[in-house]
Every structure is written in structure tokens, then in C-alpha cells.
Amino acid sequence: MPSLQRRLLFGTALGTTLVLLVAGIGLHAMVRAALFQEFDNALRDKATTLAALIEQDGDRIELEFTEADMAEFTRSDRPQYFQVWLRDGTVVERSHSLGQANLLSAEVVMSDAAIREVKLRDGRRGRVVTVLLAPRLSDETSPDAVAKSLTFALARDVADVEATLAKLMLVLVLVGVLATVTSLGVLRWVVRIGLKPIDRIAREISEIDERRLAALLDGSKAPRELQPIVARLNDLLQRIDKAFVREKTMTADVAHELRTPLSGMRTTLEVALSKERDPASYQVTRHDTLSICKWMQTVVENLLALARLDAGNDPIRREPADIAQLLHDAWQPFGDKSGERQLRVHWEVEPGLSAITDSDKLRLVFNNVLGNAAHHTNSGGIIRVEATRVNGEARIRVSNTGSRVSTEEVERVFDRFWRGDLSREGAGVHCGLGLSLCRTLVERLGGSIMAESSAGGFFTIAIRL
């Protein structure tokens with residue numbers, strides 16, 4: 001790929017050459033037309049003057065000018081030519097330079113003062129003008145005599161005009177080449193100066209590494225055309241910086257989340273091995289260890305799901321999905337525990353509500369949302385599940401009481417590993433990945449998800465598909 005500077009120079013050189021070529025051709029054509037117009041006018045004036053010197057004396061036609069007095073008809077180098085015919089084609093007179101040759105064929109019908117190109121006797125290119133005339137009658141001619149109809153033709157070569165045009169062409173070519181070279185030199189300097197802001201921005205970018213992603217490029221001195229690029233680069237750097245911070249935070253959070261169950265498992269096993277215990281105690285230890293393993297498995301599975309979604313390696317398989325059935329299926333694992341805690345569940349789901357979506361991914365969303373509600377609802381509290389169609393959209397709302405999330409914190413519920421109240425009971429069971437996974441899944445499905453926290457401890461997750 002050629003450099004921008006080379007492309008600009010090549011494009012300008014090509015454009016300049018084309019402009020100069022068109023201008024040169026136009027100028028050459030204008031000058032050529034003007035020179036030949038002047039040449040033809042002079043040739044026509046001379047022919048008219050010489051034709052006026054032809055006299056008829058009786059039946060004889062006499063020329064009142066002699067070739068001796070007009071050297072252009074007798075010289076050996078580039079002579080001029082003339083010829084006089086009667087209307088029937090009989091040659092009356094011709095110049096010495098023609099010899100016995102004819103300037104024009106007798107069959108050519110000429111109009112008065114017509115000018116055309118001819119090939120002269122010696123092979124040179126020339127132009128000839130013809131004049132139709134009636135000769136002047138001499139004083140001795142009878143009054144009853146009628147003037148004969150004559151054609152007078154005068155020709156000369158166009159070597160002088162062609163030489164002038166050749167010199168003009170040479171001048172135009174030299175001027176065009178000089179103008180193109182000069183413009184390239186000037187443009188190269190202008191482009192080098194104009195590209196300095198790009199070089200400066202490139203240097204600033206080269207100084208940015210993974211530890212300085214928050215450093216923004218200075219666009220105040222950049223040309224107006226580059227300012228949108230600088231702004232987009234700054235936006236990109238900010239997004240990359242946030243991604244780096246998020247990944248670093250996630251790495252630390254993952255280490256912290258896994259360290260806690262591992263420490264708990266180690267402590268449980270060390271206590272069990274510290275002395276001989278009865279079978280019932282070992283059974284409690286196995287149960288506690290299994291619970292910790294399930295927790296760790298949930299964390300790892302959620303992390304793997306998020307990683308696949310972030311990498312785009314989890315394709316969407318769209319098919320008709322029964323939303324009402326998916327909601328009821330997702331609630332079944334939490335039904336027994338909700339009964340133990342005396343939770344009141346209100347269902348307001350439109351029968352037969354469906355959507356074209358990925359059923360497996362939507363089921364995972366409902367599992368996390370309903371599990372979150374079942375876990376965080378206060379004992380004896382209320383869970384409300386609503387699903388209906390509005391303006392062609394499937395809208396699902398899951399609300400629960402007992403929320404301690406403030407209105408300022410509500411947007412953070414979708415952050416990975418964020419938990420609103422680490423001190424409440426059961427906080428260790430939920431690692432803060434469920435709602436983050438829900439947001440990623442819903443957005444991949446082409447929908448939207450948001451959280452609301454209202455007075456009275458009501459927390460709501462609203463989904464649109």
C-alpha cells in the first residue's frame with residue numbers, strides 16, 4: 001500500500017498533467033485557428049487584389065501584373081502559385097512556378113472566395129483561394145462586348161504557420177513539464193508540513209502502553225479534519241482502558257471468590273481430619289464440602305458462559321419459544337425453598353405468550369432472575385412475575401420485596417462480582433455473576449434489561465424481547 005504522501009503526489013501530478021494537457025490542447029487549437037484565419041484573410045485579400053488587375057481586351061485576357069515584379073511566383077524556394085481559367089476550364093494563364101501543371105483540376109467546382117487545403121506541386125502542404133470574377137474591359141473593347149467569366153486561384157504553402165505552431169507546441173510542453181515538476185516540489189513541501197499533525201499524533205500513540213491507556217491524545221492543535229479521528233481514538237482508548245480495568249478487577253474478583261470457598265473447604269477438611277469423629281460428623285463435613293463444590297462449579301460455569309459470550313463463540317439459535325412455560329420451568333427449582341420461607345408468588349403471565357428467540361439462553365436468563373428474587377426476598381415476602389405483549393414486544397417483569405439496594409446502586413447490579421449487601425445471610429452463595437450474565441444474554445438476543453429499586457424495598461428486573 002503506497003504512502004499517503006506518495007498517493008497525494010501521484011494524484012496531484014496526474015491531475016496537474018491532465019489539466020495542463022487539456023489547457024495546452026485548447027490553447028494550441030485557439031492559436032492554430034487564429035493563425036490560419038489570419039493566413040486565409042491575407043491570402044484572400046491578395047487574391048482579390050490580383051484578380052482586380054485582370055483585364056479583358058477584346059477576346060484576350062491580360063494580367064496587369066508581371067511575375068518579374070512579384071518574385072514570390074518565380075523563386076525556386078517555396079514559390080507561390082496562381083492560375084486563371086475560363087468557366088469552361090480552359091487555362092488562360094498560370095504562374096511560372098507551376099510550369100505545365102494545374103493548380104486545381106478543371107472538374108473542381110469552386111465557389112467564390114472559397115479556401116481549401118491542397119498539396120502543392122513540390123509536395124508541400126498549402127492553401128488555395130479561388131475568386132470568381134468578370135475581368136475589367138479595356139477602353140478599346142467594343143461597347144457591345146460581354147466580359148468573360150473567370151476563376152482566379154492563388155496558393156501558397158503553410159510552412160510558416162506550421163513552424164509557428166510547432167514552436168508553440170514545444171513551449172507548451174516545456175511549460176507543462178516545468179509546471180508539473182514545480183507543483184510537485186511545492187506540493188511535497190506542503191504535504192510534508194500538512195502531515196506533521198499526523199506524525200505528532202502517531203508519536204503520542206506510540207508512547208501509550210497498557211499502563212497509560214487513560215492518557216488522552218491532544219486534539220486541540222490537530223487540524224479540523226483530524227479532530228473527529230482524535231476524538232474517536234480517545235473514545236477507543238477510554239473503552240480499552242475500561243476493559244483493562246474490568247479484566248484486572250475481574251481477575252482479582254475471581255481469585256477472591258475462589259479463594260473463599262477453597263479456604264472454607266480446606267478448613268472443613270482440616271477440622272474433620274484433626275481427630276476421630278463419629279459418622280454423623282463426617283456426614284456433615286461431606287455435605288458442607290459438596291455445597292462448597294457446587295458453589296465453585298456455579299462460579300466457573302458462569303465465568304465460562306460469560307467468556308464464550310464475550311468472544312462471540314456461542315451462536316444464537318432462534319426458534320418459537322413459549323415464554324410462559326419457560327418462566328414456570330425456571331421457577332420449579334426454587335418452589336420448595338420458597339414454600340419453606342413462606343414466600344407469596346403472584347403470577348400475571350399472559351397465556352400463550354411467545355417470542356422468536358433462543359430458548360436455552362432465555363431459560364438461563366429466567367433461572368438467574370427468578371433465583372435472584374427467590375434468594376433475596378425477605379421471609380414471608382412477595383414475588384411478582386408479570387409477562388405480557390405490548391406493541392409487539394414481550395415484556396417480562398420480576399419483582400420482589402426485601403431489597404436493600406439503593407436507587408444510587410441499582411445500575412451496579414449488572415456489574416460482575418458486585419453484591420449490594422455482603423453482610424446479609426447467604427451472601428457467599430451468590431457470587432455476583434448472575435445478573436451480569438443475564439444482561440449479556442439478553443443483549444445478544446436483541447433485547448434489553450434494566451433494574452429498578454423503589455420505595456418499600458421492591459426490586460424489579462424488567463426485560464424486553
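Visitor: Is arginine 60 buried, partly exposed or exposed?
Guide: This is a predicted model, in which local features need pLDDT of at least 70, side-chain atom pairs count only at pLDDT 80 or more, and totals for chains, interfaces and linings use all residues. Residues are numbered from 1 along each chain as its sequence is written, and side-chain values use heavy atoms, with hydrogens and water left out. Buried means under 20% relative accessible area, exposed over 50%, and partly exposed in between (1.4 Å probe, protein chains only). Because its relative accessibility is 47%, arginine 60 counts as partly exposed.

Visitor: Which residue forms a salt bridge with arginine 60?
Guide: A salt bridge is a side-chain nitrogen of Lys or Arg within 4 Å of a carboxyl oxygen of Asp or Glu. The closest N and O atoms of the pair are 2.5 Å apart, and the partner of arginine 60 is glutamate 62.

Visitor: Which helix holds both arginine 363 and aspartate 360?
Guide: These two residues form a salt bridge, with 3.2 Å between the closest N and O atoms. Arginine 363 is partly exposed at 30% relative accessibility, and aspartate 360 is partly exposed at 45%. Helices (H or I, at least four residues) and strands (E, at least two) are DSSP runs, numbered from the N terminus. The two residues are three apart, about one turn of the helix, and both lie in helix H7 (residues 359–376).

Visitor: How many residues apart are arginine 464 and glutamate 393?
Guide: Arginine 464 forms a salt bridge with glutamate 393, the closest N and O atoms being 3.8 Å apart. The pair links distant parts of the chain, with arginine 464 in strand S15 (residues 458–464) and glutamate 393 in strand S13, and the separation is 71 residues.

Visitor: Is phenylalanine 152 buried or exposed?
Guide: Phenylalanine 152 lies in strand S8 (residues 150–157). Contact means heavy atoms within 4.5 Å; not counting residues up to four places away in sequence, phenylalanine 152 touches Ala47, Leu50, Ala51, Ile54, Phe82, Gln83, Val84, Val129, Thr130, Val131 and Leu133. Because its relative accessibility is 0%, phenylalanine 152 counts as buried.

Visitor: How far apart in space are serine 379 and glutamine 342?
Guide: Serine 379 sits in the loop between H7 and strand S12 (382–390) and is exposed, with a relative accessible area of 57%. Not counting residues up to four places away in sequence, serine 379 touches Arg341 and Leu343. Serine 379 and glutamine 342 are 37 residues apart in sequence, and their C-alpha to C-alpha distance is 6.3 Å.

Visitor: Over which residues does pLDDT stay under 50?
Guide: pLDDT is the predictor's confidence in each residue, from 0 to 100. The chain averages 81, and 88% of the residues score at least 70. Where pLDDT is low, the predicted coordinates should not be read in detail. The model has nine contacts beyond four places in sequence for the stretch under 50, which is residues 422–429.

Visitor: Which element of the chain has the highest mean pLDDT?
Guide: The secondary structure comes to eight helices and 15 strands. Helix H5 (residues 279–311) has the lowest mean pLDDT among the elements, at 76, whereas the highest, 92, belongs to strand S13 (residues 393–400).
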